[in-house]
Amino acid sequence: MAEQRRTKVLIIGSGPAGYTAGVYAARAMVEPILVQGIEPGGQLTTTTEVENWPGDSEVQGPDLMVRMETHAKAMGCEVVSDIISSIDFENRPFVCQSDSGTEYVADAVILATGARAKWLGLPSEEKFKGFGVSACATCDGFFYRGQEIVVVGGGNTAVEEALFLTNFASKVTLIHRRDELRSEKILQDRLFKNPKIEPLWFHEVDEVIGGEDPLGVEGVKVKHTKTGEITEIPCKGVFIAIGHAPANELVKDVLETHMGGYVVTKPDSTETSIPGIFAAGDLTDHKYRQAVTSAGMGCMAALEAERWLAEQEDDAALAAE
Ligand code: FAD
Ligand code: NAP
């Protein structure tokens, strides 16, 4: 028989939202269990310097997430290495199945599964994933010392990845479908001042091209978005940085979503349409998608879960009288 773990509050996800919920829920003495998922520490483990976390003018993303984990544990949150595969929303307590086979049985659940990198969806991109095509410069940049690289996208992630990759690459071409970046101005300034980076405006990747044996990228075919003209850029690495989509697989058929899959919560709240299920962080946030806003929502979710549990206990006590 599967091992069963009983908890008042199950937190799913180990990004800033999950760990902050862990700190608050543990301090509320509800003995939470936090399941880390496939990416312990979440998205910030895929970056280097974080310059907008209050209290730290500069901190490495992975270091910040280790500190958050340590903090949550120190407050009494149990942190478990596992992945939740399904949640039974029909009955309470909620039964959550996991990849390890353990069943987590929880009175309340905080969903903090965050977001994942988007891909272009080209067959050639799929073919060369892991063989020259990547969505994580901090993970894979090191392999491209002295090589030419392209980065696709025009947001904060693309600009940061392009800047970071200049530590290794001889040249970085930033391919963007418009002629205006949506990233913060401070990052744009750094980008335009960097002699190794060349922006390529009004272009989209049409195909990733490369060799078969060994499998590896040799370049990209790019298409001008206005004229349709196709040209080729030689490169050994292609970094896709076109944004992130909410990791809503566990809930998308059950909870209301909007704006491309973000879970809808009640106004000024982390409550979802199912009592006892709370959602926080990038999973619910199509607008800000920052570490600090995710952490704030994690705090809200833990406080709301604690209050909701207390109300349930009060109702049960009244009914028993
Ligand atoms: P995430 O960090 O996305 O974490 C989600 C967690 O859920 C992960 O731990 C994952 O393992 C877990 N999970 C998912 N599915 C399951 C499952 N089925 N079972 C169990 N666990 C699951 N923001 C800033 O404020 N400043 C920055 O400088 C900054 N830099 C960034 C750089 C990069 C390259 C990227 C990609 C993002 C950056 N961001 C930055 C945005 C920031 O990382 C996110 O806003 C923040 O991490 C969102 O936190 P979260 O807790 O909602 O989710
Ligand atoms: P983003 O802000 O959504 O930007 C995605 C970029 O990719 C946009 O420029 C978009 O072009 C382009 N794009 C999207 N789909 C495309 C496609 N199919 N083909 C070509 N280009 C495509 O995503 P992000 O940069 O990953 O940032 C996500 C969130 O994390 C943001 O809230 C951001 O502020 C945050 N973040 C913060 C920091 C920081 O604070 N330092 C660092 C990284 C990320 P258009 O502009 O034309 O739409």
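Modeller: A helix axis here is a line fitted to C-alpha atoms over the stretch in contact, and the angle between two axes runs from 0 to 180 degrees between N-to-C directions. The model is predicted.

Biologist: How do the axes of H1 and H7 lie to each other?

Modeller: They cross at roughly 35 degrees and come within 7 Å. The crossing of H1 and H7 is right-handed. On the H1 side, the contact is made by Pro16, Ala17, Thr20, Ala21, Tyr24 and Ala25. On the H7 side, it involves Ala291, Ser294, Ala295, Gly298, Cys299, Ala302 and Leu303.

Biologist: Why are H1 and H2 called roughly parallel to each other?

Modeller: Their axes cross at roughly 20 degrees. Angles under 35 degrees count as roughly parallel, and H1 and H2 therefore get that description. The two axes come within 8 Å, and the crossing of H1 and H2 is left-handed. The residues that make this contact include Tyr19, Val23 and Ala26 of H1 and Met65, Met68 and Ala72 of H2.

Biologist: How do you know that the span of H2 agrees with its number of residues?

Modeller: The expected span is 1.5 Å times one less than the number of residues. For the 15 residues of H2, residues 61-75, that gives 21 Å, and the end C-alpha atoms are 21 Å apart, so the two agree. Just after H2, Gly76 has a positive phi of about 115 degrees.

Biologist: Which residues of H2 are buried?

Modeller: Gly61, Leu64, Met65, Met68, Glu69 and Ala72.

Biologist: What puts them on the same side of H2?

Modeller: Around the axis they cover an arc of only 140 degrees, and that is why they share a side of H2. Their cover includes helix H1 (16-27) and strands S3 (49-50), S4 (59-60) and S5 (78-80).

Biologist: What span is expected for H7, and what does it reach?

Modeller: H7 has 30 residues, for which 44 Å is expected; from its first C-alpha to its last it reaches 43 Å, which is close. Its buried residues, among them Ala291, Met297, Glu304 and Trp308, pack against S1 (4-12), H1, S8 (103-111) and S21 (277-279).

Biologist: Why is Ala291 called buried?

Modeller: Its relative accessible area is 17%. Buried means under 20%, so Ala291 qualifies. Ala291 lies in H7, residues 291-320. Leaving aside residues up to four places away in sequence, it touches Pro16, Leu44 and Trp53. Ala291 and Asn52 are 239 residues apart in sequence, with their C-alpha atoms 8.6 Å apart in space.

Biologist: Is Asp268 exposed or buried, and why?

Modeller: Its relative accessibility is 76%. The cut-off for exposed is over 50%, so Asp268 counts as exposed. Asp268 lies in the loop between S20 (262-263) and S21, and its phi is near 55 degrees, a positive value in a residue other than glycine.

Biologist: What makes Arg289 count as partly exposed?

Modeller: Arg289 has 40% relative accessibility, so it counts as partly exposed. Arg289 is in the loop between S21 and H7. Its phi is also positive, near 45 degrees.

Biologist: Where are Arg92 and Pro93 joined by a cis peptide bond, and what is omega?

Modeller: Omega is about 0 degrees. Pro93 lies in the loop between S6 (84-88) and S7 (94-98). A cis peptide bond also joins Asp213 and Pro214, with omega about 5 degrees, and Pro214 is in the loop between S14 (203-212) and S15 (215-224).

Technical notes:
Residues numbered from 1 in each chain as written. Chains lettered and ligands numbered in written order. Predicted model: local features only at pLDDT ≥ 70, side-chain atom pairs only at ≥ 80, totals over all residues. Heavy atoms only, no water. Helix = DSSP H or I, 4+ residues; strand = E, 2+ residues; numbered from the N terminus. Buried < 20%, exposed > 50% of the residue type's maximum accessible area, 1.4 Å probe, protein only. Arc of directions from axis to C-beta. Contact = heavy atoms within 4.5 Å. Parallel < 35°, antiparallel > 145°, perpendicular 65-115°, else oblique. Left-handed = near helix turned anticlockwise from the far one by under 90°.
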